[in-house]
Amino acid sequence: MTVRTRFAPSPTGYLHIGGVRTALFNWLYARRHGGQFVLRIDDTDAARNRAEAVKPILDGFDWLGIDWDEGPTKDASGDSFGPHKPYYQGQRNDKYVAAAMKLMAAGLAYPDYTTQAEQDTRRDLAQRLKKAYVHRGSNRDVAPEENLRLYKEKPAPVLLRVPEGEKVVFDDHVRGRVEVSTDTIRDPALLRAPNADGVTGALYSFATVVDEIDFGITHVIRAEEHLANTPVQLLIYQSLFYKALDPKPPEFAHVPLLYRNGKKISKRDLPPLSADEIAKLKACGWTDEELKGRDDLNLATVAYYRELGYIPAALINYLVRLGWALNATDEIIPLETVIANFDTKDVTKAPGNFDEKKLFWVQAEYMKKLSAEEKLVGSLPYLLRAKLVVDPVPDATRAFLLKIAEAAADRIKLFSDFVFYAAPLLKDAPNYNPKAVADKIAKAGVADRLKAFAAELKALEPFDPPTIMAAFTAFAAKVGVKPRDLDGSVRVAVTGETIGFGLPETLALLGRDKVLRRIDTAAAMA
RNA sequence: GGCCCUAUCGUCUAGUGGUCUAGGACGUGGCCCUCUCAAGGCCAAAACCCGGGUUCAAAUCCCGGUAGGGUCACCA
């Protein structure tokens, strides 16, 4: 049997990391077993602007490298590919209605004419008795032919006829054995009553089951919030398999929810972009307008990580590791290793708290493993957006950037960081950070010292890091200034910032002329 | 409230009856290295929710509390 898993996002316009983690578990399970991973779009709510709402989700998966074997086409046009297309629920409604009618004909489903008022009364009564209200609809025990006839005449919601006095049992991959009495399960609605346009829509649980049978899904891996409606769905499977040949419901694995600060991750508790992040994005060319238009840029969406320059593999590593461990010690785990070892049965049962600090650490670890060349390639889109380089990057510029990448080394944690280190060297003049100038330049004696140091540099041969380093040390000793203080003033003079990579490397990369000119400018500011 | 799920350092986790004076990692604090900032090295503080059993022996099994959470729609 080929393993077939699925992930079914609703078209919301952005890809949530909680969803990514669930999708990832599905994807890993399929890949581990050489099976298929299918994507289905749950848009039973009628999709206005479908492409707009689906595209970011598809783009997110694409960026992460989570590929789907069947599902919507990448352009989000509404087309699908794969043997069971379409994969948009909105385009599959006929199947749901047909399936429900079959159930009704078989006496397994029925129209419910119980009024809302009546239901409310029963619910209140049950509540007063401190008992659960288990809804059973009006025409439960009416003959199928009669129900079919009535339904044609007067459509109503269609309910499943839940058998009484039975037990639904299933073995969840992560929860273990789950047993529920059917006496606690209300007759679930399969189909809505027709809307004003006469369209009869399927409800989630029903559409899901119909699709999953149709798609041949063998393993349903989804968030724990669905645990409670699994028995209901199992009942639907049972009914749909009525008189079928060799049916078997899929296996289930309910993975824990993603939390943050001990609570379900929710949009309103998410911090807004920090001043630091905003500065970073702006340095990369973002305008205030653009930032305002992107309320999806928060740490719960993949777009956020993409724009800041995270490595997809790092995000994936962090997300799998949250809720699953390879062994007692490993944190950084190559994807192949994860694929070779992942099992839903090893997923932890308790909810996992999302910790952006640890994610950042994982990201830094991945970045450290990249060569300077790879860092450059990954950072190019950000440099381009910042308008620090032009599109085909000239060879000379590229070589220069490579040197910056080498010098910046592990200081680059995000691809967008490259912009910070490169900007002062690429621009004609640095942006002088006012605070840096106040702290390091605008002090008594600094101007003279800078000029004196410039004089030393004027004749220095060769103008390379070791020679500059030697001159720097010698000069500091000669004038009796602490190396760290000398570093501070010179650094701010040539880059405008107090932090950066090695000063000798910075000066050498800039070249003697620019260094002298900038020191001159800075000395005038003192 | 009914039904269901969960419970090891602040956080992610290892642990499946003895090797646990509970291991690793992030974060935090300290020290070292040092031209700023990173990186790196060393050290430290920090947990088995509580109460009963079972057993020679329990973080591990059972029961009961407690605390969190999910779900109870003609939402998904």
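A: A residue is called buried if 20 or more other C-beta atoms lie within 10 Å of its own, exposed if there are 12 or fewer, and partly exposed in between, with C-beta atoms placed from the backbone. This is a predicted model, in which local features need pLDDT of at least 70 and side-chain atom pairs count only at pLDDT 80 or more, while totals for chains, interfaces and linings use all residues. Residues are numbered from 1 along each chain as its sequence is written, and chains are lettered from A and ligands numbered from 1 in the order in which they are written.

Q: Why does D487 count as partly exposed?

A: D487 has 19 C-beta neighbours inside 10 Å, and therefore counts as partly exposed. D487 belongs to helix α20; helices (H or I, at least four residues) and strands (E, at least two) are DSSP runs, numbered from the N terminus.

Q: Which residues come nearest to RNA strand B?

A: A residue is near a strand or molecule if its C-beta atom, placed from the backbone, lies within 6 Å of it. Of the 55 residues around RNA strand B, D42, Y204, N353, D487 and L503 come nearest.

Q: In what order do the three strands of the open sheet stand?

A: Strands of a sheet pair through backbone hydrogen bonds, either parallel or antiparallel. Two strands pair if DSSP finds at least two bridges between them. Here the order is β13-β12-β14, with mixed pairing. Because β13 (263-264) and β14 (352-353) are at the edges with a single partner strand each, one side of each lacks a neighbour in the sheet. Strands β12 (residues 258-260) and β14 run parallel, joined by two bridges, and L258 lies opposite G352 in β14.
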